[in-house]
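Visitor: I have not seen this structure before. Please show me how to read it, one feature at a time.

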Amino acid sequence: MAIWTKIITLFRGAAHEAGTAVVDANAMRILDQEVRDAQNALLRSRDDLAKIMAQRKIANDKLNDKKAKQAEYSNYIREALARENRALAQEVATKLATIEADIATEGKIIGEFDNSIAKLQTSARQAETVITRLKQQIDTVKATESVQRAQAALAAQHAGTGAKLGTALDSLERIKQRQTERAAQLEVAEELAQATGEDTDLHRRLAQAGIVPGEASAESILARFETPAPKALSHDGVAQLSQPGVASKSS
């Protein structure tokens with residue numbers, strides 16, 4: 001039995017939490033509806049006040065008529081007594097008594113109407129003041145809610161943007177690194193090209209000066225054949241000229 005009681009208590013607690021969560025999630029909507037309900041109640045109270053004021057006017061008109069009759073019958077009584085017609089004065093006085101009783105009753109009713117009207121007017125003014133202040137506070141709460149939603153959106157966007165910016169910065173650094181490496185490679189290649197060009201020009205100028213052998217050409221080969229061969233020396237130190245087709249003679 002105690003277990004079932006605890007289970008029921010658990011369900012009641014879960015239902016309360018669920019209801020509280022629903023109320024919290026729809027607090028602004030509920031508040032707006034409560035304000036509308038209060039405004040509708042205020043409008044109904046004003047309608048009731050208008051009805052009571054209309055009834056009070058009708059009762060006051062009747063009272064004025066009764067008072068006019070009262071004044072009229074009072075004059076009749078005085079006129080009858082002046083003419084010493086007591087019986088007629090007595091009859092008029094009987095009707096006047098009824099009229100004065102009605103006047104007293106109507107006066108009480110009008111007094112009650114006045115009290116009700118005063119209370120309703122005071123309550124309506126208070127309710128109107130409360131509703132006006134409540135609307136102002138609701139506007140402030142809505143504005144605060146909007147600002148907080150905007151701040152939350154900005155915070156979430158900033159967090160996402162921060163992550164994206166971090167990735168973008170990494171990509172940018174990698175691109176810069178590749179560009180730096182490529183610039184270094186181009187610079188080295190340019191230096192090598194300049195060095196190679198300078199060496200080639202220097203070798204060409206050395207070859208022209210005859211310091212280093214140059215490339216063989218037809219002119220250089222022909223010049224080699226046109227140059228006379230050097231004279232050979234004999235054993236006695238006399239140079240012997242060998243001519244083509246002539247045998248050299250021994251001494």
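**Order of elements**

Visitor: What pattern does the chain follow, read along the sequence?
Guide: The pattern is α-α-α-α-β-β. That amounts to four helices and two strands, in what is a predicted model.

Visitor: How do I read the span of a helix, and how far does α2 reach?
Guide: The distance from the first C-alpha to the last is set beside the one expected at 1.5 Å a residue. Helix α2 covers residues 27-82, 56 residues in total, and reaches 81 Å, close to the expected 82 Å. Just after α2, E84 has a positive phi of about 60 degrees.

Visitor: Which residues of α2 are buried?
Guide: A residue is called buried when its relative accessible area is under 20%. In α2 these residues are D32, V35, L42, L49, I52, A59, L63, Y73, S74, I77 and A80. For the chain as a whole, 9% of the 251 residues count as buried.

Visitor: Why is I58 not listed as buried?
Guide: I58 is found in helix α2, but its relative accessible area is 48%, so I58 is classed as partly exposed. The C-alpha atom of I58 lies 9.5 Å from that of I110, a residue 52 positions away along the chain.

Visitor: What share of the contacts with a separation of 6 or more comes from residues 24 or more positions apart?
Guide: Such residues account for 67% of those contacts in the chain.

Visitor: What is the accessible surface of the chain?
Guide: The total is about 20500 Å², and carbon and sulfur atoms supply 58% of it.

How values were computed: Residues are numbered from 1 along each chain as its sequence is written. This is a predicted model: local features need pLDDT of at least 70, side-chain atom pairs count only at pLDDT 80 or more; totals for chains, interfaces and linings use all residues. Side-chain values use heavy atoms; hydrogens and water are left out. The expected span of a helix is 1.5 Å times one less than its number of residues. Buried means under 20% relative accessible area, exposed over 50%, partly exposed in between (1.4 Å probe, protein chains only). Contact means heavy atoms within 4.5 Å. Accessible areas come from the Shrake-Rupley method with a 1.4 Å probe; for residues, only the protein chains shown count as cover.
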